[in-house]
Amino acid sequence: MNLMMLLEMAAGGFGDRVAVGSRDGGLTFQQLFDRAGAAAGRFRTGGAEVVAMADVSSTALPISLFGAAWADLPFVPLNYRLTDDELSALAARIAPAIVVLDPEATGRLADLGDVVVLDRQALLDELAEALVPDGGWGTDWDMAGEGTAILLFTSGTTGEPKAAMLRHRHLVSYVLGSVEFMGAAEDEAALVSVPPYHVAGMAALLSNVYAGRRIVQLPTFDAGSWVDLVRTEEVTSAMVVPTMLTRIVEHLDAELANGSSGNGALPTLRSLAYGGGKMPRPTIERALQLLPEVAFVNAYGLTETSSTVALLGPQEHRDALASDDEAVRARLGSAGRPLPAIEVSIRDEDGTEVALGLPGEIWVRGEQVSGEYRGQAPRLTAEGWFPTRDGGRLDEAGFLHVTGRIDDVIVKGGQNVSPGEIEAVLVEHPAVVDAAAIGLPDRQWGERIVAAVVLADADSTSGASVTAEELQELVRSELRSNRTPDHVEFVAALPYNDTGKLLRRVLRTELAHFGDGSTE
Amino acid sequence: MMGDALERWPDDHAQESPMPDMKPGSRFTSNVCTTEVIVVRGAGEADLRCGGSCMLSAGSVPDGGPPDPDAAAGTLMGKRYVDADDTLEVLCTKPGDGSLGLGDVLLELKEAKPLPASD
């Protein structure tokens, strides 16, 4: 198994289709294959052991990903938003390495002896001129599947970032298990706005190549550019993180309010997948209203599981939205059902499976699940299970409800309180657009619950307002008194990283003065 | 599994060479049509056939004439084929006129319910 096998099939099956870029002038699947072959030759010279890229999305991204696979070198997409020092430190960890950088950014890395910096544009120009060898390309990539295809540094909210290792067999299993070869019609196009260093950005390339779907790249996300690209490139599907969808919904609402030419409509869009964090229910409900023709898909997965392991499909979204039954409605906030090739088990702290419906840690098993970090022992159990450190429960219909990172659980008076359930109640209030609950030190209870709440603008359509006491009462009535926030603080915005992950550690620091300073 | 494979192995020793290893990632090409496959799941040796004739290791030149009429329904690019015991799974990377088989028993098309695009 090798990622190149996917591209070889694409080039053989529909080589004339456009793989990346505009319908006119984009790179075809055959051209992508040829460029990858040339890139492999380039990457093999000089003794590099990995190919890294610290750059926004461009055609150089899939070329380098597949070129590295062809050369049997791991591909490492690095976060180009890191500081120069942080980037240099990661480069030193993966050296000897080739690092592809934006032409404007080639000076960002410290002078490291065994790191070769390649200018993205110079590389693209060189590869475009490379000739197919006499007698055609040899398909000489490694098919054993054990080699590392992609190394992804996790966001590292605590301590030094870990490098998750995805082997060729993990990623190929994911694609074969979830994507139909040439399943896309010729007019389909996928808009990729998730950055390359997010597992969803990598999975989007692989899945769409195998499906034969043209990839349109948005290098830096903003809602206006995203909406424009959907319209001008006639995009039919896209994947976004929750913060992106919130801004897209706001943008479309503003168009409707202003009477702009786009009129809040995205006529070509048929499918919109979202994932990578908890979706505020008001956002998804508004999105469903604004885009009634669009099939919404909620994808849940982790870097260590080669992207998606569970999904909530289009019909399940509509059923949940239309239902009077609160248990069915709650599925709108669920991750849906596991993929056919994935098993999910909810375990307690001892690793024992809990009874159906009870909360615990989400464990997953399947051929796409890696659970490995570079330089560390594999995290998989002897039976192949990966403990995700995400909390959740399965309901009676098999829907997976994810409550958040176990490490974020608030322990108040010996009781475990999941921030996710409090947040879900708070954002139900029409005056609340976003909310986060954290635990802060408390001598008496161990931790006290502090909720940071973002209110809708006073001039927004909802027109609603709310007091801290009303929100505390809302949580008390919907959950239990021990879930009630001890303090509600109204804030202008919550801290997110650029892939939409809430930075709870930052929030804890910002709100530290609401704790009592005790450490127990 | 070995027992099964031996039972399927014809007594008349139609094969001269030993059966190939079904290591994941191994590529095979049909002796009677344009079909090519990659082993996705498998272990040990097996009598992988296409169009009734033993498949060859990739790169070999077919010389076996037309497919056996009992194994001529064809293969489809990008489809996965499995044996009844679900011990062997191959992915068709080039389509052809022959049908895949393990010994005399045809492999089945692995029907997967299409999933909505999630990335």
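Biologist: Where is the place of A:Phe514?
Modeller: A:Phe514 lies in the segment that follows helix 15 (504–510) of chain A; helices (H or I, at least four residues) and strands (E, at least two) are DSSP runs, numbered from the N terminus. The model is predicted, with local features needing pLDDT of at least 70 and side-chain atom pairs pLDDT 80 or more, whereas totals for chains, interfaces and linings use all residues. Residues are numbered from 1 along each chain as its sequence is written, while chains are lettered from A and ligands numbered from 1 in the order in which they are written.

Biologist: Why does A:Phe514 count as partly exposed?
Modeller: A residue is buried if 20 or more other C-beta atoms, placed from the backbone, lie within 10 Å of its own, exposed if 12 or fewer, and partly exposed in between. A:Phe514 has 17 C-beta neighbours inside 10 Å, and therefore counts as partly exposed.

Biologist: Which residues is A:Phe514 in contact with, leaving aside its neighbours within four places in sequence?
Modeller: Contact requires that the C-beta atoms of two residues, placed from the backbone, lie within 7 Å. With those neighbours set aside, A:Phe514 is in contact with A:Leu440, A:Val450, A:His487 and A:Glu489.

Biologist: Why is helix 3 of chain A called largely enclosed by the rest of the structure?
Modeller: Eleven of the eleven residues of helix 3 (residues 60–70) of chain A are buried, so this helix is largely enclosed. Among them are A:Leu61, A:Ile63, A:Phe66 and A:Trp70. After helix 3 of chain A comes A:Asp72, with a positive phi near 60°.

Biologist: What makes strand 22 and strand 24 of chain A edge strands?
Modeller: Strands pair if DSSP finds at least two bridges between them. The open sheet has three strands in the order 22-23-24 (chain A), with mixed pairing. Strand 22 (432–442) and strand 24 (487–490) of chain A each pair on one side only, and are the edge strands. From one strand to the next the twist averages 25°; axes are lines fitted to C-alpha atoms, for helices over the stretch in contact, and angles run from 0 to 180 degrees between N-to-C directions.

Biologist: How many bridges pair strand 22 and strand 23 of chain A?
Modeller: Strand 22 of chain A and strand 23 (residues 446–455) of chain A pair antiparallel over ten bridges, and the definition asks for at least two, so they count as a pair. A:Asp434 faces A:Val454 in strand 23 of chain A.

Biologist: In which sense do strand 18 and strand 19 of chain A run?
Modeller: Strand 18 of chain A and strand 19 (residues 400–405) of chain A run antiparallel and are joined by five bridges. A:Leu394 stands opposite A:Leu400 in strand 19 of chain A. Their hairpin has five residues between the strands, and A:Gly398 there takes a positive phi near 85°.

Biologist: What is the handedness of the crossing in which helix 1 of chain A passes helix 7 of chain A?
Modeller: The crossing is left-handed, a term used if the near helix is turned anticlockwise from the far one by less than a right angle, and right-handed if clockwise. The axes of helix 1 and helix 7 of chain A come within 8 Å and cross at roughly 35°. The contact is made by A:Leu3, A:Leu6, A:Leu7 and A:Ala10 of helix 1 of chain A, with A:Leu206, A:Val209 and A:Tyr210 of helix 7 of chain A.
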